[in-house]
Amino acid sequence: MMNWIKILSLEQIEQHVMVNKPVSILLNQTPLAIVWDGNTYFAFKNVCPHNKARLSDGKLNAFGEIICPWHEYRYSIKTGRECANRTADLATFTIEKRADGLYLFI
Ligand code: FES
């Protein structure tokens, strides 16, 4: 069953989340990455569908795509779609900033 789970407090957001810098989070053994583009938060599985690299070690480009550090496949952090359909889509999650922190629907 899916639920909203608080993943970061406001204090943790202030300390760890910077614009366009992916943050790695382990939630119940599931590796996740969080990105804030300065406006909106995004969450996705921190495992590249191509060959399992840690996507949080990659960079975000100006098109809202996370670039895998191993073979440079690019995934939309919004939809999870790989830009050239070279592999399966990346799993993305609904994320919400509330008055007391960041929540993930998972
Ligand atoms: S492991 Fe990510 S593109 Fe190959």
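1. Two strands are taken to pair if DSSP finds at least two bridges between them. With that criterion, the predicted model contains an open sheet of three strands in the order β5-β6-β7, and the pairing in this sheet is antiparallel.

2. The edges of the sheet are formed by β5, residues 59-60, and β7, residues 74-76. Each of these edge strands pairs on one side only.

3. The contact between β5 and β6 can be described in detail. Strand β6 covers residues 65-67 and runs antiparallel to β5, to which it is joined by two bridges. Within this pair, K59 stands opposite I67 of β6. As a general point, strands of a sheet pair through backbone hydrogen bonds, in either a parallel or an antiparallel manner.

4. Read from the N terminus, the order of elements is β-α-β-β-β-β-β-β-β-β.

5. The C-alpha trace of the protein chain spans about 40 × 30 × 20 Å along its principal axes. The radius of gyration of the protein chain is 13 Å, which agrees with a compact globule, because a globule of 106 residues would have a value near 13 Å.

6. Two further values describe the packing of the protein chain. Of its 106 residues, 25% count as buried, a class that requires 20 or more other C-beta atoms within 10 Å of the residue's own. Among contacts between residues at least 6 apart in sequence, 38% join residues at least 24 apart.

How values were computed:
Residues numbered from 1 in each chain as written. Predicted model: local features only at pLDDT ≥ 70, side-chain atom pairs only at ≥ 80, totals over all residues. Helix = DSSP H or I, 4+ residues; strand = E, 2+ residues; numbered from the N terminus. Rg over C-alpha atoms; globule rule 2.2 N^0.38 Å. Buried ≥ 20, exposed ≤ 12 C-beta atoms within 10 Å, placed from the backbone. Contact = placed C-beta atoms within 7 Å.
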